[in-house]
Amino acid sequence: MDHSDNNKRVVISRRKMLWKLGMIVGAATVGATFDMETAYAFHESRGSGCGSDCNSPPKHSKAFAQYQDHPKGGLSCVGCVFFSPGKAAGKLGSCSIVSGEISPYGWCRLFVQRQAPQFPGDGG
Ligand code: SF4
């Protein structure tokens, strides 16, 4: 029996995975702001896949995410796709991938810019 096709698929799959990991590690090393796809891949690569319980996936610690309670370079949690605001204005909120209370003025290295809402007739 010839398993060469199966072996080729495994090699390609490993190459793809290593390439993705390389990109992720490279981005983390230089402290780059992640794009959405990379941030999710990074989140998953840390063993944070939701597995059988997708309602409450594990979150990263603030230390791992290098969370800070102040903005960085004009970027803050309130502009991040993972942020959920607190119940009242000025209150701490939460993050879907980083644990604990999160300041709207905070920032971490997993930041992903929220897209500005698009309205009909917005010149687009
Ligand atoms: S910047 Fe980090 S801590 Fe803040 S909402 Fe985004 S992922 Fe969460």
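Predicted model: local features only at pLDDT ≥ 70, side-chain atom pairs only at ≥ 80, totals over all residues.
The protein chain contains three helices and two strands. Read from the N terminus, these elements follow the order α-α-α-β-β. The chain comprises 124 residues, of which 19% are classed as buried. Among contacts that link residues at least 6 apart in sequence, 61% are between residues at least 24 apart.

In soluble globular proteins, nonpolar side chains tend to be buried together. In the present model, the largest nonpolar core consists of 15 residues, and C95, V98 and C108 have the most contacts inside this core. Beyond its neighbours within four places in sequence, C95 makes contacts with C77, F82, F83 and I102.

C95 and C108 also belong to the residues that come nearest to the ligand, together with C77, C80 and F83.

When residues up to four places away in sequence are set aside, D69 is in contact with S103, Y105 and G106. For the pair D69 and S103, a sequence separation of 34 residues corresponds to a C-alpha to C-alpha distance of 6.1 Å. D69 has 14 other C-beta atoms within 10 Å and is therefore assigned as partly exposed, since a buried residue would require 20 or more such atoms and an exposed one 12 or fewer.

Technical notes
Residues numbered from 1 in each chain as written. Near = placed C-beta within 6 Å. Core = buried A, V, L, I, M, F, W, Y, C linked by C-beta atoms within 7 Å. Contact = placed C-beta atoms within 7 Å. Helix = DSSP H or I, 4+ residues; strand = E, 2+ residues; numbered from the N terminus.
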